[in-house]
Amino acid sequence: MSNGSSFHFKDVQELRAFLNDEVVTTTEAIQLIGCSRQNLKQLVDHGTLVPIKQTPRERLFLRSDVLNYKMKRK
């Protein structure tokens with residue numbers, strides 16, 4: 001978590017709600033930023049955006065990290 005925040009969830013439902021609202025996929029990140037998949041890959045490769053989870057087929061990002069990048073880019 002890039003801003004040093006700490007998260008505590010009272011139950012699994014609260015965790016699920018957080019994940020649904022605050023975690024975005026590669027496709028969602030591309031849409032939020034308004035960039036290409038290749039551009040997003042470059043951002044990750046350069047450490048500008050750091051996924052919270054990466055698999056061979058997908059990357060997951062915190063929505064706040066993506067939106068913070070978008071704001072800095074303007």
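## Helix packing

Angles of 65 to 115 degrees between axes count as roughly perpendicular. In this predicted model, helix H2 (residues 26–33) packs against helix H3 (residues 37–45) at an angle of about 100°, the two axes lying 10 Å apart. H2 and H3 are therefore roughly perpendicular to each other.

On the H2 side, the contact is made by Thr26, Thr27, Ala29, Ile30 and Ile33; H3 contributes Arg37, Leu40 and Leu43. Sorted by class, the residues in this contact of H2 with H3 comprise five nonpolar, two polar and one charged.

## Overall architecture

The chain contains four helices and three strands, and these elements follow the order α-β-α-α-β-β-α from the N terminus. The C-alpha trace spans about 40 × 25 × 20 Å along its principal axes.

Of the 74 residues in the chain, 26% are buried. Among contacts between residues at least 6 apart in sequence, 48% join residues at least 24 apart.

## The salt bridge in helix H3

A search of the whole structure finds one salt bridge. Aspartate 45 forms a salt bridge with lysine 41, and the closest N and O atoms are 2.6 Å apart. Both residues belong to helix H3, where aspartate 45 and lysine 41 are separated by four residues, about one turn of the helix.

Aspartate 45 has a relative accessibility of 49% and so counts as partly exposed. Lysine 41 is likewise partly exposed, because its relative accessible area is 41%.

## Arginine 59

Arginine 59 lies in strand S3, which covers residues 59–62. Arginine 59 is buried yet has no salt bridge. The nearest side chain of opposite charge is that of aspartate 45, 4.6 Å away, whereas a salt bridge requires a side-chain nitrogen of Lys or Arg within 4 Å of a carboxyl oxygen of Asp or Glu.

Leaving aside residues up to four places away in sequence, arginine 59 touches Val24, Thr25, Thr26, Lys41, Val44, Pro51, Lys53 and Gln54. One of these, Lys41, is the salt-bridge partner of aspartate 45, and another, Thr26, takes part in the contact of H2 with H3.

## Phenylalanine 18

Phenylalanine 18 is located in helix H1 (residues 12–22). When residues up to four places away in sequence are not counted, phenylalanine 18 touches Phe7, Phe9, Val23 and Leu62. Phenylalanine 18 and phenylalanine 7 are 11 residues apart in sequence, with a C-alpha to C-alpha distance of 9.7 Å in space.

Notes. Residues are numbered from 1 along each chain as its sequence is written. This is a predicted model: local features need pLDDT of at least 70, side-chain atom pairs count only at pLDDT 80 or more; totals for chains, interfaces and linings use all residues. Side-chain values use heavy atoms; hydrogens and water are left out. Axes are lines fitted to C-alpha atoms, for helices over the stretch in contact, and angles run from 0 to 180 degrees between N-to-C directions. Helices (H or I, at least four residues) and strands (E, at least two) are DSSP runs, numbered from the N terminus. Angles under 35 degrees count as roughly parallel, over 145 as roughly antiparallel, 65 to 115 as roughly perpendicular and the rest as oblique. Contact means heavy atoms within 4.5 Å. Ala, Val, Leu, Ile, Met, Phe, Trp, Tyr, Cys and Pro count as nonpolar, Asp, Glu, Lys and Arg as charged, and the others, Gly among them, as polar. Buried means under 20% relative accessible area, exposed over 50%, partly exposed in between (1.4 Å probe, protein chains only). Lys and Arg count as positive and Asp and Glu as negative; His and the chain ends are not counted.
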